[in-house]
Amino acid sequence: MSEKPTYEELEQRIKELEKAESRLKLAEEELTESEYFLKESQRVSKIGSYVYDIIDDTMLCTETLDKIFGIKDKGKKDVNRWIQILHHDDKSIMADYLLNQVVGKGQAFDKEYRLINQESGETVWVHGLGELKFDTNRKPVQMIGTIQDITERKQAEEALLESEERFHNVYDTA
């Protein structure tokens, strides 16, 4: 037969459980604060992140990335859906880059390209970065990365080039 715990032992166990509960509550609060900070940082910097499961062909995206893409529905995200939202002039280049250079040769993803925001219909310039994770046979199984909206920077670069061109035209005709 097992002995019944004493009153003191029960009291000690209750104190231990209360301390554990307090630590758990603190950890939950810290996690909530960390998630908030991450979401706000991504929103402010216009950087979304993703995890692409190459084997299952599924993508898990942050809210900010969905906003960059202009995707409101929670439907399946996969490579075909990503290719569908690419700017028509970039579709074949980017599909080839992802499938042959990144996944095929095991290279990191690092590319600037255009996509069409599905909500607004506007062209959005983005910079995508991704790092592959490999299985024991060095076969890529996952890519973790970020996509940043760089439209404003691209527009500023284009305006600068146009300004330089106008300057050269004025200079050449003078």
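I looked up the strand order: an open sheet of 5 strands runs β2-β1-β5-β4-β3, with antiparallel pairing. Strands here are DSSP E runs of at least two residues, helices are H or I runs of at least four, and both are numbered from the N terminus; two strands pair if DSSP finds at least two bridges between them. β2 and β3 are at the edges with a single partner strand each, so one side of each has no neighbour in the sheet. On average, neighbouring strands are turned by 25° against each other, direction ignored. I then checked α4, which packs on the sheet and touches β3, β4 and β5; its direction makes about 160° with that of β3. Contact means heavy atoms within 4.5 Å, and angles run from 0 to 180 degrees between N-to-C directions of lines fitted to C-alpha atoms, for helices over the stretch in contact.

**A note on the model**

The model is predicted: local features need pLDDT of at least 70, side-chain atom pairs count only at pLDDT 80 or more, and totals for chains, interfaces and linings use all residues. Residues are numbered from 1 along each chain as its sequence is written, and side-chain values use heavy atoms, leaving out hydrogens and water.

I found β1 and β2 pairing in the antiparallel sense over 4 bridges. Asp53 stands opposite Thr58 in β2.

**Around Tyr113**

Not counting residues up to four places away in sequence, Tyr113 touches several residues, among them Trp82, Met94, Trp125 and Ile147.
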